[in-house]
Amino acid sequence: MTTTSETSQLPPIVELPPSYVIPVVLVLSSIPLFLILKWVALPVSLFGLFLAIQTATIRLQFTPTDLDIYRSGKMIRRFPYREWTNWEIFWSPIPILFYFREVNSIHFLPMLFNAGMLRSCLEEKITINR
């Protein structure tokens, strides 16, 4: 028999919802850019479409011990919190980039998920002396 106190001791897994803000801004900004600089508009719009696909397929899950990254429901990478040395969300007014550093590597992710929820999860799960 399982009691409620046993199940409440397990922290929940938090999956960040997607945010299509950056891909949409890139694609929409490429439209007027096409009238001015056609050769610049195409790469900008293609990059926006690429980020839209990534936003649709990639999910971040905060577990009690790790940050797990999933693509189309399949886990592709696990980052244990104990190996993190720093993290930052760049450009506070409009968050566009998430940076974190592990003991042996540095990672940058475009902000393809809810930035406020990301910050809350990072502050709750990862304790780093800043």
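D66 is buried, with a relative accessible area of 9%. In this predicted model, that aspartate forms a salt bridge with R78, and the closest N and O atoms of the two residues are 3.4 Å apart. D66 belongs to strand β3 (residues 66-71) and R78 to strand β4 (residues 74-80), so the pair ties together parts that are twelve residues apart in sequence.

R78 also forms a salt bridge with D68, where the closest N and O atoms are 2.8 Å apart. This pair again links strand β4, which holds R78, to strand β3, which holds D68, across ten residues. Through shared partners, the salt bridges join D66, D68 and R78 into one network.

A search of the whole structure finds three salt bridges. One of them pairs E15 with R59, with 3.8 Å between the closest N and O atoms. Because E15 lies in strand β1 and R59 in strand β2, this pair ties together parts that are 44 residues apart in sequence. E15 counts as partly exposed, with 38% relative accessibility.

Attention now turns to helix α4. This helix spans residues 115-125, and its residues A115, L118, C121, L122 and K125 are buried. Viewed down the axis of α4, the buried residues fall within an arc of 125 degrees, so they line one face of the helix. At the start of α4, a side-chain oxygen of N114 comes to within 3.0 Å of the backbone nitrogen of G116.

The loop between β5 and β6 contains P95. P95 is partly exposed, with a relative accessible area of 25%. Apart from neighbours within four places in sequence, P95 is in contact with I22, I89, F90, M111 and A115. A115 is also one of the buried residues of α4. By comparison, T65 is 30 residues from P95 in sequence and 25 Å away in space, C-alpha to C-alpha.

Together with W91, I94, I96, I106 and F108, F90 forms a nonpolar surface patch with about 600 Å² of accessible area in total. Within this group, F108 is found in strand β7 (residues 106-110).

How values were computed
Residues are numbered from 1 along each chain as its sequence is written. This is a predicted model: local features need pLDDT of at least 70, side-chain atom pairs count only at pLDDT 80 or more; totals for chains, interfaces and linings use all residues. Side-chain values use heavy atoms; hydrogens and water are left out. Patches are made of residues with over 30% relative accessible area and no salt bridge: like charges are joined within 9 Å, nonpolar side chains (Val, Leu, Ile, Met, Phe, Trp, Tyr) within 5 Å. Accessible areas come from the Shrake-Rupley method with a 1.4 Å probe; for residues, only the protein chains shown count as cover. A salt bridge is a side-chain nitrogen of Lys or Arg within 4 Å of a carboxyl oxygen of Asp or Glu. Helices (H or I, at least four residues) and strands (E, at least two) are DSSP runs, numbered from the N terminus. Buried means under 20% relative accessible area, exposed over 50%, partly exposed in between (1.4 Å probe, protein chains only). The arc is that of the directions from the helix axis to the C-beta atoms. A polar contact is a pair of N or O atoms within 3.5 Å; within protein, one must be able to donate a hydrogen and the other to accept it, and residues adjacent in sequence count only if both atoms are side-chain atoms. Contact means heavy atoms within 4.5 Å.
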